[in-house]
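Visitor: I would like to learn how to read the features of a model like this one. Please take me through them in turn.

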Amino acid sequence: MSEVILDIRNMNVALGPHLAVKDVNYQIHAGEILGIVGESGCGKSLTSLAIMGLLDNKLNLSGEILFQGENLVGMSEAHYQRVRGEGIGMIFQEPMTALNPVVTVGEQVAEMFLVHENVSKAEAMNRAIEMLKQVHIPFAEKRAKAYPHELSGGMRQRVMIAMALACKPKVLIADEPTTALDVTVQAQVLDLLEELRETTGTAIQFISHSLGVVSQISDRVMVMYAGQVVELADVNDIFDNPQHPYTQALLDTIPRVGVDIERLPAIPGSVPPLDQRGENYTFRDRCPDLFNHYQQVAKERNLGIRSK
């Protein structure tokens, strides 16, 4: 087993008396891709923002976030700025809004080198162009002078990846990196992430709503529901033998080739807001009939259900 790069222990994110993320525990190893899935509001992005030290001041973080053995919780902002970019990089959702619309993409990538490394503006721009080439942006010198609105969605996503990888981080957090991209560009972005993992050994935390995408790229998969981890296993185990009712319900919503049905199954209701989650809130509370159904299915398949 490769080295543990990121180790999350008993992490909680609270808004007043309410826990948005509760008792989250997992590890990511060097060169591993961990997929994180769950509906909106399950705590996927909040977990990533906590790791990056970018939580809103109204939120209270507790537990441990160990990056290469060093606890990031409670670290000073000055120290955290060195961790961001150099140690942990992040591809944010919606590159059109994440990128500065009035600054060229080349300057935005170059800023990573100016902030984290002692280089001149000319050297920073040259290295920014090299990063754009590394993420397979054609005519990189020309594209570096373009503004975000002049690039396609796929190109903007590649710029975000270039920024995140500029300082060769040990961990890359990719938050919905293929959202709103057509399937061809989506496949190119996934290939790029896998290529970067293989060539640099970067560990990747890959967040997505698409179970199909996660199945393609991940080594392990973590399923979150209502701020908690309900299942964590190898990708094949998750898709072949899901053990939690929520995981099974998610998988049942995937369209299947050759299966002719009038309407795809849907999970009733929605993830409850913070103030409606009890002390021991579970998927059973949202949909007891569905929970009991999958519990019976699990028994028939001789599977145990992991209680959360």
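This is a predicted model: local features need pLDDT of at least 70, side-chain atom pairs count only at pLDDT 80 or more; totals for chains, interfaces and linings use all residues.

Visitor: Is Phe139 buried or exposed?

Guide: Phe139 is exposed, because its relative accessible area is 62% and the cut-off for exposed is over 50%.

Visitor: Which residue follows H1, and what is its phi?

Guide: Gly53 follows H1, with a positive phi near 70°. In helix H1 itself (residues 44–52), the buried residues are Lys44, Thr47, Ser48, Ala50, Ile51 and Met52.

Visitor: Let us turn to charged pairs. How many salt bridges are there?

Guide: The count is 8 salt bridges. One of them joins Glu32 and Arg220, with 2.4 Å between the closest N and O atoms. This pair links distant parts of the chain, 188 residues apart. Glu32 is in the loop between strand E2 (18–29) and strand E3 (33–37), while Arg220 belongs to strand E9 (residues 220–225).

Visitor: Are Glu32 and Arg220 buried or exposed?

Guide: Glu32 and Arg220 are both buried.

Visitor: How should I read a salt bridge within a helix?

Guide: Start with the geometry. An α-helix has 3.6 residues a turn, so residues three or four places apart point the same way. Here, Lys133 and Glu130 are 3 residues apart in helix H5 (residues 121–134), so about one helical turn separates them. Their side chains form a salt bridge, at 3.6 Å from N to O.

Visitor: Which residues are linked with Lys133 in a network of salt bridges?

Guide: Glu130 and Glu141 are linked with Lys133 in the network. In the salt bridge between Glu141 and Lys133, the closest N and O atoms are 3.1 Å apart. Relative accessibility places each member in the partly exposed class: Lys133 has 36%, Glu130 has 45% and Glu141 has 42%.

Visitor: How many disulfides does the structure hold?

Guide: First, the general idea. A disulfide is a covalent bond between the sulfur atoms of two cysteines. This structure holds 0 disulfides. Two cysteines can still be read for burial. Cys42 counts as buried because its relative accessibility is 0%. Cys167 is buried too, with a relative accessible area of 10%; the class takes in values under 20%.

Visitor: How do I read a nonpolar core?

Guide: In soluble globular proteins, nonpolar side chains tend to be buried together. The largest nonpolar core in this model has 92 residues, and Ile88 and Phe206 have the most contacts inside it. Helix H7 (residues 153–165) gives the largest share of this core, 8 residues.

Visitor: Why does this core lie between domain 1 and domain 2?

Guide: Residues come to this core from both domain 1 (4–87 + 187–301) and domain 2 (96–166), so the core lies between them.

Visitor: Which nonpolar residues form a patch on the surface?

Guide: Val259, Ile261 and Leu264 form a nonpolar surface patch, and together they have about 250 Å² of accessible area. Val259 is in the loop between helix H11 (245–252) and helix H12 (283–286). The relative accessibility of Val259 is 48%, so Val259 counts as partly exposed.

Visitor: Where does Val102 lie?

Guide: Val102 is in the loop between helix H3 (95–98) and helix H4 (105–116). With a relative accessible area of 64%, Val102 is exposed.

Visitor: What separates the C-alpha atoms of Val102 and Tyr147?

Guide: A distance of 6.8 Å separates those C-alpha atoms, while Val102 and Tyr147 are 45 residues apart along the chain.

Terms used: Residues are numbered from 1 along each chain as its sequence is written. Side-chain values use heavy atoms; hydrogens and water are left out. Patches are made of residues with over 30% relative accessible area and no salt bridge: like charges are joined within 9 Å, nonpolar side chains (Val, Leu, Ile, Met, Phe, Trp, Tyr) within 5 Å. Accessible areas come from the Shrake-Rupley method with a 1.4 Å probe; for residues, only the protein chains shown count as cover. A salt bridge is a side-chain nitrogen of Lys or Arg within 4 Å of a carboxyl oxygen of Asp or Glu. Helices (H or I, at least four residues) and strands (E, at least two) are DSSP runs, numbered from the N terminus. Buried means under 20% relative accessible area, exposed over 50%, partly exposed in between (1.4 Å probe, protein chains only). A disulfide is a pair of cysteine sulfur atoms within 2.5 Å. A nonpolar core is a set of buried Ala, Val, Leu, Ile, Met, Phe, Trp, Tyr and Cys residues joined through side-chain atoms within 4.5 Å. Domain bounds come from an automatic or database domain assignment.
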